[in-house]
Amino acid sequence: MSAPARSADAAVPLIELRGVTKVYGSGTAAMHALRGVDLRIDAGEFVAIMGPSGSGKSTCMNILGCLDTPTSGTYLFQGVDVGRLDRNQRALLRRHYLGFVFQGFNLLNRTSALENVELPLLYRGESAAVRHERARRALAAVGLAGWEDHTPGELSGGQQQRVAIARAVVTEPEVLLADEPTGNLDTARSHEIMGLLTQFNRERGITILMVTHEPDMAEYAQRIVRFVDGRVASDERRTPQTARGRA
Amino acid sequence: MPLMLWNALLLALRSIRRNAMRSFLTTLGVIIGVAAVIIMVTLGSGATAQVTQQISSLGSNLLMIVPGQPGPGRSLNVAPFRLQDVQALEREIGSLQAVAPVASSTLTAVYGNRSWSTLVAGSTNEYFIVGNWTLASGRTFTESELRAGAAVCVIGATVRRELYGTQDPLGTRVRLRNFACEVIGLLQPKGQAGFGRDQDDTIVTPLRTFQRRIAGNQDIRSIQVSVRDAALIDKAQREIEQLLRERRRVAPNEQNDFSIIDTRQIAQALSGTTQVLTLLLSAVAAVSLVVGGIGIMNIMLVSVTERTREIGIRLAIGALEREVLLQFLVEAVVLSSFGGIVGIALALASSAVLAQMLQVPFVLNLSIIALAFLFSAAVGVVFGYFPALKAARLDPIEALRHE
């Protein structure tokens, strides 16, 4: 599915933001969430996005996740101008190229872990047999083999987030967008989750964009982008700490 | 696309199962609406069929001629018919199969220690032809009995039951006012007529017997004729009118002083009334279907609000607007069609019972059942569309933030 995209011309970055602004409201009540962001992210990167509340990092994340569109400026995803896509085209882009992990897990209640993980495959039109098989493998990959029939209510927070990660990677997306994935978890659980994300980044080449407050978690990334007042304040490339190293 | 529909159906069934109680209460409105419409139409067609059947049991192609015009008090001093009128009809109008002069009166009949008030009619053997009567046992009148006005009679099934029980009435004598007449025949029962009169509650004597021994005059209160062919009824009616106007010396500018009643018209009028009533009641029932639809809309709106976060997740994952729309629309349609199916089952069961209780034939109207089902599904589409659209148009970011 994503094979041709990965072999794309190296000159075209996976993600490119050019002078992106986002304004909510208008006139005197206008709120400038982003004031001109330039950002380039290549395939296979693991980027942590940090910054205080109201710095625009969540807005930027929504735009990167194609859930929102810039007020001005350009967002190119694999060279495609997302700003020109309509709502349904953006939905298709999310369906085929993106995976989401949220702070609050956002699993369907009273629905088994397996069915939750199958959900994106359902929208891709996969047959029941293919859905079961791939969802089972994805759950096994996040260490939840044998938990397929449990509903979110029967799982711990860490397990729920693993189910959410399985749901995000079951389609083998280009990019996994994680919005404070460890915000609701204790430290030990948080490091487990980061270990999983690192693993998917390294072993499957999935590009990971992660918003986080916690410097500990940002340590796992190869690159840390800091937002202040709707602008990129710093962009630091570094050698990440490994999950193995911590454990 | 079929896969998409199948998925939507799967999701809808899952969601309905999760809220089984609420789903049932929601569909109750549609269940009641569909059941009410079908019950009304079924009983209504039953009643119409019954009326038609009863009217035709009076006699086929039957015209009744009575002196005077319909309306209060107007027939009191109008001259009755004479035997000569009957003979003229027989002689001059070729399209008539049978002409029966009738004089009748309500009398008490006595046999042994039992008595029974019944309609005694004096007529000829033509009376049995005109009224489609057949004999269960015994015989009709002989020529000499008719001419002589013999004390003989043919009795109906109700009179037999009331006076004789299970005893054989043939050959016995039943007393009418001041004379006793021999029972020579027993009529085959016909059952209840329209307008609630029991046709079997009757005794028939020769016309002359009635005129001499009961009425004491030569009056004929009505003439019943049967027309050879249904197509000739209108023509026969015009000819009878013309003939009787002449015989009764009605001036050209005057109204008829008699009426010709076509039983088909009574049948049409009566079944027309039943149909209007059925239509009215069905319309009331249809309103409850619409109310049921509003119930579904209400619960779908609640469901959309309640599941805002779920919708947000679906949209974020890449569900298209039309997929979310379809999911909720299918859910509404499944709910309402389920209500339709249960309503149909309920209606069939209760109209079978009600038809039995009201003694109306159970007429199964398949097209109204199909229509009620389609209508219930349509209710789901119409009232499910707005909530489904509301769900599909949600902003995924807002929806995900929803608590």
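**Close-up views of a two-chain predicted model**

View 1. Once its neighbours within four places in sequence are set aside, Ile49(A) has contacts with Lys57(A), Cys60(A), Met61(A), Leu209(A), Met210(A), Val211(A), Val225(A) and Phe227(A). Ile49(A) is also listed among the residues with the most contacts inside the largest nonpolar core.

**View 2. The largest nonpolar core, with 175 residues.** Besides Ile49(A), the residues that have the most contacts inside this core are Ala166(A) and Leu176(A) from chain A, together with Val34(B), Ile38(B) and Ile223(B) from chain B. The element that gives the most to the core is helix H2 of chain B, residues 20-58, which supplies 16 residues.

**View 3. The side of chain A that touches chain B.** Here 19 residues of chain A are in contact with 17 residues of chain B. Two elements of chain A, helix H3 (87-97) and helix H4 (113-123), each give two or more residues to this side, and the largest share, six residues, comes from H3(A). Sorted by class, the side of chain A that touches chain B comprises 10 nonpolar, four polar and five charged residues.

**View 4. Leu92(A) in helix H3 of chain A.** Leu92(A) counts as partly exposed because 16 other C-beta atoms lie within 10 Å, a number that falls between the limit of 12 or fewer for an exposed residue and that of 20 or more for a buried one. Along the chain, Leu92(A) and His191(A) are 99 residues apart, and their C-alpha atoms are separated by 32 Å.

Terms used:
Residues numbered from 1 in each chain as written. Chains lettered and ligands numbered in written order. Predicted model: local features only at pLDDT ≥ 70, side-chain atom pairs only at ≥ 80, totals over all residues. Contact = placed C-beta atoms within 7 Å. Helix = DSSP H or I, 4+ residues; strand = E, 2+ residues; numbered from the N terminus. Nonpolar A, V, L, I, M, F, W, Y, C, P; charged D, E, K, R; others polar. Core = buried A, V, L, I, M, F, W, Y, C linked by C-beta atoms within 7 Å.
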